[in-house]
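Let's take a friendly walk through this protein. Have a look at the sequence and the structure first.

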Amino acid sequence: MAPSLHVVVLAAGEGKRLKGRHPKVLTPLWGRPAVAWPVDAARALLPERVVVVGGEHSAALAAALESRAVALARQDEPLGTGHAVLAARSALADAEGELLVLNGDCPLVTPALLERLVATHRAHPGPLTFLSMELDDPTGYGRVIRDDAGRVTAIVEEKEATPEQRAVREVNAGVWVLDLPSAWDDLSRIGSDNRAGEVYLTDLVAMRVAAGDPVDACLWPEPEDVLGFNDQRQLAEVRDVLRRRILDGHLRNAVEIVDPATTYIDADVTIAPGARILPCTMIEGTVSIATGCDVGPFTHLRDGTVLEEGAKVGNFTETKKSVLGPGVKAGHLTYLGDARIGAGTNIGAGTITANYDGTHKHPTRIGRNAFIGSGTVIVAPAEVGDGALTGAGAIVTRDTTVGPGEVWVGLPARKHRDAPTDAPTDAPTGEPSA
Ligand code: UD1
Ligand code: CA
């Protein structure tokens with residue numbers, strides 16, 4: 001039987017070099033906090049337990065990871081990566097087997113890479129195995145030092161490295177497998193006598209080598225998978241790799257993306273095969289797009305948008321928390337927020353749902369087969385019935401109900417014409433299907 005696997009993700013560092021507006025590990029990356037990416041990759045290995053080590057932002061970290069089954073541990077002061085792993089000890093009290101340790105700032109790690117590292121560890125003797133990669137520009141990473149026979153002897157952090165060591169291009173990726181429980185003793189023996197005054201997890205290597213143990217580095221051939229981000233340049237690079245991976249997933253799923261170079265889609269967006277995404281389009285948060293939909297060009301779909309089959313949204317249109325029923329068209333210069341729009345309705349150019357009164361957001365309901373004239377403003381809450389029509393430039397004021405089949409015009413919009421008497425009385429409700 002395979003040894004049981006436990007995971008620690010380190011997320012208590014300060015991220016000083018990034019100077020971002022969020023704590024580094026909570027930097028949003030395509031709709032998920034950065035730390036959620038390695039956490040999810042590790043969870044794919046079905047470990048017994050995942051412990052995330054947080055620091056001064058622990059409360060925000062807990063909130064950001066709420067939907068994931070992880071335990072939180074706290075490192076009160078960021079005294080280094082070795083110290084951070086020890087902070088998880090009490091959460092893993094009697095754990096035996098293997099401990100997979102990942103940096104929280106490596107959002108590109110994949111389950112395949114983690115599986116390979118664990119398999120390498122199991123195949124070789126020795127109490128620890130870490131992942132390495134070769135970089136053209138190793139700046140900022142710990143260098144992997146080998147002896148003349150090619151055996152790993154140490155990892156030397158950049159701050160501590162001699163010019164000769166800095167020239168080494170094989171670096172530590174920051175992903176480890178350690179044997180439990182022996183790792184705890186080793187970790188507690190690492191000192192902090194170095195330029196940073198930190199307890200370097202990387203010092204484990206020289207310690208075990210000095211004790212006569214074989215230490216393996218598992219060289220991963222795809223450096224892209226293990227890029228960390230310490231500064232804004234690296235963050236932009238990581239973000240771009242993730243963006244292309246997300247798009248690639250949709251392309252493989254038969255979604256048509258006309259110009260991947262200008263398309264930005266968050267990780268929790270669902271798009272059915274046969275939908276088409278046109279250039280310069282951003283889709284954020286949790287959004288679902290059915291088959292036959294056209295989105296773009298120049299379109300911003302925000303959290304909570306649902307496009308049902310064949311809906312078309314484009315040309316400077318923004319949607320938020322809105323359900324557009326089958327075949328709805330909102331093709332030009334429009335804002336739809338907190339709206340539910342029934343099947344077949346046409347939203348004219350320049351339509352605005354004015355959903356915000358400065359304090360609260362209010363809903364707009366528009367029925368099926370309605371025709372919203374160009375430049376209509378609907379001040380929510382308000383309702384437009386099935387088959388109703390608003391004239392160009394109509395301002396539908398708050399709490400108004402435009403009845404089914406009626407025609408309303410003007411400012412404020414007033415009834416211009418009753419519904420035709422032969423209008424069907426069993427008109428559908430205007431509720432898009434969920
Ligand atoms: C670390 C490695 C380096 C490796 C690189 C890979 C060490 C000493 N160095 O360097 O060899 O090449 O990752 O990306 O391990 N953290 C804590 N508590 C702390 C310090 C850090 O939780 O006290 C967390 C950070 O939030 C981060 C991770 O550990 O997620 C790595 O810390 P960071 O400061 O980014 O390490 P690097 O300098 O990148
Ligand atoms: Ca880092």
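Predicted model: local features only at pLDDT ≥ 70, side-chain atom pairs only at ≥ 80, totals over all residues.

Residues are numbered from 1 along each chain as its sequence is written, chains are lettered from A and ligands numbered from 1 in the order in which they are written, and side-chain values use heavy atoms, with hydrogens and water left out.

**Two domains**

The protein is split into domain 1 (5–226) and domain 2 (256–417); such bounds come from an automatic or database domain assignment. Going by C-alpha atoms, their centres sit 46 Å apart.

So where do they meet? Four residues of domain 1 are in contact with five residues of domain 2 (contact means heavy atoms within 4.5 Å). Together the domains bury about 410 Å², 54% of it on carbon and sulfur atoms; buried area is the accessible area (1.4 Å probe) that two parts lose on being put together, summed over both. On the domain 1 side, Trp30, Gly31 and Arg32 lose the most area, together 95% of what that side buries.

There is one salt bridge between the domains, where a salt bridge is a side-chain nitrogen of Lys or Arg within 4 Å of a carboxyl oxygen of Asp or Glu. Arg32 pairs with Asp268 in a salt bridge, and their closest N and O atoms are 2.7 Å apart.

**A buried threonine**

Is Thr334 buried or exposed? Thr334 counts as buried because its relative accessibility is 3% (buried means under 20% relative accessible area, exposed over 50%, partly exposed in between, with a 1.4 Å probe and protein chains only). Thr334 belongs to strand E25 (residues 334–337); strands are DSSP runs of at least two residues, numbered from the N terminus. Its side chain reaches the backbone oxygen of His332 at 2.8 Å. Leaving out residues up to four places away in sequence, Thr334 touches several others, including Phe316, Ile347 and Thr351.

| Peptide bond | Form | Omega |
|---|---|---|
| Ala380 to Pro381 | cis | near 0° |
| Leu411 to Pro412 | cis | near -15° |

Pro381 lies in the loop between strand E31 (377–379) and strand E32 (382–384), while Pro412 is in the loop between strand E36 (407–409) and strand E37 (414–417).

Lys19, though not a glycine, has a positive phi near 50°, and counts as exposed at 73% relative accessibility.

Conventions
Helix = DSSP H or I, 4+ residues; strand = E, 2+ residues; numbered from the N terminus. Polar contact = N/O pair within 3.5 Å; in protein donor to acceptor, adjacent residues only side chain to side chain.
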